[in-house]
Amino acid sequence: MRTLIALCLLGALGVGLLHAATDGFRALTSETARRLAVAAEARPVPDVGVRDQSGAVLSLGETDGRLRVVNFIYTRCPDVCLALGDALQQLQRDLPAERLGRDVLLLSISFDPAHDSPERMAAYARWFRAGEGWRVLRPEDAEGLDALLETFGVVVIPDGQGGFEHNAALHLVDREGRLVHITDLEDVAGMRARLEGLW
Amino acid sequence: MVRPGSLQGWLGLCLLGVLVVPWLRQGLESTMTGHMLVQIPLLVLAGVLMGGSLPASVRRGLSPWNRFGLTGLLLAVFTLVYWMLPRSLDLALESGLAELAKFISLPLLAGLPLRLSWPTLGCIGRGVVWSQLVAKLAVMGWLYLEAPVRVCTRYLVSDQEQVGRALLFLALGVGVALTLRAFLAVHPQAQAALGQGSLKGQGV
């Protein structure tokens, strides 16, 4: 009898713990968890100093007032960043031209400022035929970079061959500068639908 | 004279003490294989060893709550399932508190209850545990090899594939060992006699 009581209590406690630890059995990985967390509560993006592909210095806050689709890249990246670039390129193609730049900005933010000079960022932009509405940025200092990666929940780890591995996704920042949505880089149509709902 | 039980308890404590040493801890956690397949099993083993030194009075006090070893087994299963979640591994690397919880929970809530429950588990119970273990290892290995995404944001894809391969080899190894034991090693009657001997030894 006592074993039965113990089993029932333990079962309830254990299921409760696993339920809490997985956001209601929805998130087994930290990547899914960060997406759910952002969907539940928008995160203000820190206003850090950045440099764009033309070499101009600005602050991220200066892009407020527009919707921003953000991805994190490094220009030497041989695989997943190319797919991320393709995703933004497709968005650039699919969005109405008059919206781009005015209502929506595409931002590729480099987490490798040591290598990504404005020249390299410009070459990256040319490679993807980035237009006026697509800017390649890099944080001006390490604190700014860390603050951005922390807010967006992007984890960058060295791959042992001079490059990096990182969680890749498309991030949506609203006009007020809050991160409101994260989706797979393949989900270009979903991101577009969300933008249309907001402009 | 040192009782075998207390010697095991000291061994368990020593093992735990060694695993806490910062350079070894960081070394093991620097790869997913070291973290999942070396550190975590060793933490469980430390608890199993410590369980050997529990006084008989404590065992007797716990046994009405743990008939057939079921409660201890369930506790160990919940603890192990939690630490097999990819996000728990990430969390242990990000948060000191989660790391502390790992070092406490795996020995005390997985290893120790396993030690207490195992002798009282019946033949079928043990069979279920072993077969579930082989199945889980194989499924996890296959998942880690085939997953289209990195399951841990703090480990490389190549690391994940290595864990996948290691899990498949483990599943194969444990499966083969169990099969050999079942069909070759001990005559069933001799095994039953051995089982009764160990039950008596536990004072059940």
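Helices (H or I, at least four residues) and strands (E, at least two) are DSSP runs, numbered from the N terminus, and two strands pair if DSSP finds at least two bridges between them. The model is predicted, and local features need pLDDT of at least 70, side-chain atom pairs count only at pLDDT 80 or more, while totals for chains, interfaces and linings use all residues. Residues are numbered from 1 along each chain as its sequence is written, and chains are lettered from A and ligands numbered from 1 in the order in which they are written.

**S9(A) and S10(A) form a hairpin.** Let us start with a turn: 4 residues lie between S9(A) and S10(A), and A:Gly177 in this turn has a positive phi of about 85°. The two strands pair in the antiparallel sense over 4 bridges. You can find one of the meeting points at A:His171, whose bridge partner in S10(A) is A:Ile182.

**S9(A) is covered on both faces.** On one side sit A:Leu170 and A:Leu172, on the other A:His171 and A:Val173, and all of them are buried (20 or more other C-beta atoms within 10 Å of a residue's own; exposed means 12 or fewer, partly exposed in between, with C-beta atoms placed from the backbone). S9(A) also pairs with S4(A), in the antiparallel sense and over 3 bridges. Here A:Leu172 of S9(A) is the bridge partner of A:Val69.

**Chain A holds an open sheet of 8 strands.** A:Asp52 has A:Leu137 in S6(A) as its bridge partner.

**Helices H2 and H3 of chain A lie across strands of chain A.** Helix H2 (residues 30–40) lies across S1 and strand S10 (178–183), running at about 140° to S10(A). Helix H3 (residues 80–94) lies across strand S4 (67–73), strand S5 (104–110), S6 and strand S9 (170–173), at about 160° to S4(A). For these angles, axes are lines fitted to C-alpha atoms, for helices over the stretch in contact, and angles run from 0 to 180 degrees between N-to-C directions.

**A:Leu145 is a buried residue in helix H5 (residues 142–152) of chain A.** A:Leu145 counts as buried because 21 other C-beta atoms lie within 10 Å. Not counting residues up to four places away in sequence, A:Leu145 touches A:Phe111, A:Pro113 and A:Pro139; contact here means C-beta atoms, placed from the backbone, within 7 Å. A:Gly16 is 129 residues from A:Leu145 along the chain, and 37 Å separate their C-alpha atoms.

**Chain A is divided into two parts, domain 1 (2–37) and domain 2 (43–198).** These bounds come from an automatic or database domain assignment. Taken over C-alpha atoms, the centres of domain 1 and domain 2 of chain A are 35 Å apart.

**Chain B meets chain A.** Chain B brings 21 residues to the contact and chain A brings 22. Helix H5 (70–84) and helix H6 (86–94) of chain B each supply at least two residues of the side that touches chain A. The largest share of that side, 7 residues, comes from H5(B). By type, the side of chain B divides into 13 nonpolar, 4 polar and 4 charged residues (Ala, Val, Leu, Ile, Met, Phe, Trp, Tyr, Cys and Pro count as nonpolar, Asp, Glu, Lys and Arg as charged, and the others, Gly among them, as polar).

**B:Val151 sits in the loop between helix H8 (123–146) and helix H9 (157–185) of chain B.** With 22 other C-beta atoms within 10 Å, B:Val151 is buried. Leaving aside neighbours within four places in sequence, B:Val151 is in contact with B:Pro86, B:Tyr144 and B:Gln160, and with A:Thr29 of chain A.

**Chain B has 10 helices and 0 strands.** Of its 204 residues, 31% count as buried. Over residues 197–204 of chain B, pLDDT stays under 50. Where pLDDT is low, the predicted coordinates should not be read in detail. For the complex, the predictor gives an ipTM of 0.87 and a pTM of 0.87.

Key:
Contact = placed C-beta atoms within 7 Å. pLDDT = per-residue confidence, 0-100.
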